[in-house]
Amino acid sequence: MNRRSLLLGLSGAAVLAAAGGWTMLRPGATTEDLVASPAEAGGATPQILPDNVMGSANAPVTLIEYASFTCPHCAHFQQDVFKALKRDYIDTGKVRFILREAYFDRYGLWAGQIAQCGGSPKYYAIADMMFTEQQAWIGDGQPETIGNNLRKIGLRAGLTKDQIEACLNDNARAQAMVATYQKHFTDDDIKGTPSLVINGTKYENMSYENLKKILDPLLAG
């Protein structure tokens, strides 16, 4: 999966393409086919969901990561950058971290529904499982395989079968997730994943060493 496209979208969904170490959103692509229209969901305008936050509210640096659970480069970032970032900066109170999900295909949305199913207390633990086990749960790329594998992750994370099915079938929540993704991507002018916004400044994917070169001066003064 290194530097290869992960083509999981069905007709009408956005397509992933690998380029320059991150995953680009195809120009003009939308997520309108991932869930029913607002009219079909009952006519209500989808709400914008709050962020799941990790780290101290008083941290001097806020780092937002935009990532898709089906993005290979995001899985690499989780292993190569995030784990060290958490150890050295988040757990020590220096960085407040926010993961914002992107949905380039319906499978990334399904993964997000499972990750968010347990609420904030379970969110980052399940998200880590999604990234770490990405190749395994995608498997042969078939919808039934992916759905079953995602359910297994949810069960291992302590969710019940009823919780999982309720979350996967909550179309209003799915609408809100997509609306939240679209608003944040537009507001921060995000073009691909993983992307970082550090104290309001946008950056593309980078190594941990290069990230430290940005964070340390901000923390120094």
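Let's start in helix α7. D187 and K183 both sit in this helix, four residues apart, or about one turn. Why does that spacing matter? An α-helix has 3.6 residues a turn, so residues three or four places apart point the same way. K183 is partly exposed, at 39% relative accessibility.

A word on what you are looking at. This is a predicted model. Mean pLDDT for the chain is 85. Of its residues, 80% reach 70 or more. Where does pLDDT stay under 50? One such stretch is residues 1–22. The model still gives that stretch 67 contacts beyond four places in sequence. Residues 24–31 are also below 50, with 22 contacts beyond near neighbours in sequence. Please keep both stretches in mind as you look at the picture.

Back to the charges. How many salt bridges does a search of the whole structure find? Eleven. I will take two more of them.

Take K202 and D189. Their side chains meet at 3.4 Å, N to O. K202 lies in strand β8, residues 201–204. D189 lies in the loop between α7 and β6. The pair therefore ties together parts that are 13 residues apart in sequence. Is K202 buried, exposed or partly exposed, and which is it for D189? K202 is partly exposed, with a relative accessible area of 39%. D189 is partly exposed as well, at 39%. There is also a network: D51, R100 and D188 are joined by salt bridges that share partners.

D88 has 23% relative accessibility, so it counts as partly exposed. The cut-off for buried is under 20%. R87 comes out exposed, at 52%. The cut-off there is over 50%.

Now the inside. In soluble globular proteins, nonpolar side chains tend to be buried together. The largest nonpolar core in this model has 45 residues. Which members touch the most other members? F69 and L85 do. Helix α1, residues 72–90, gives the most to this core, with eight residues. What does L85 touch, leaving aside residues up to four places away in sequence? L63, I90, F97, Y208, L211 and L215. A second core stands separate, with 16 residues. Among them are A174, V178, F185 and V197.

Last stop, helix α2. This helix covers residues 106–117, twelve in number. From first C-alpha to last, α2 reaches 16 Å, close to the 16 Å expected at 1.5 Å a residue. Why call α2 largely enclosed? Ten of its twelve residues are buried, so the rest of the structure largely encloses it. The buried residues are Y107, G108, L109, A111, G112, Q113, I114, A115, Q116 and C117. Glycines and glutamines are on that list, in G108, G112, Q113 and Q116.

Technical notes
Residues are numbered from 1 along each chain as its sequence is written. Side-chain values use heavy atoms; hydrogens and water are left out. pLDDT is the predictor's confidence in each residue, from 0 to 100. Contact means heavy atoms within 4.5 Å. A nonpolar core is a set of buried Ala, Val, Leu, Ile, Met, Phe, Trp, Tyr and Cys residues joined through side-chain atoms within 4.5 Å. Buried means under 20% relative accessible area, exposed over 50%, partly exposed in between (1.4 Å probe, protein chains only). Helices (H or I, at least four residues) and strands (E, at least two) are DSSP runs, numbered from the N terminus. The expected span of a helix is 1.5 Å times one less than its number of residues. A salt bridge is a side-chain nitrogen of Lys or Arg within 4 Å of a carboxyl oxygen of Asp or Glu.
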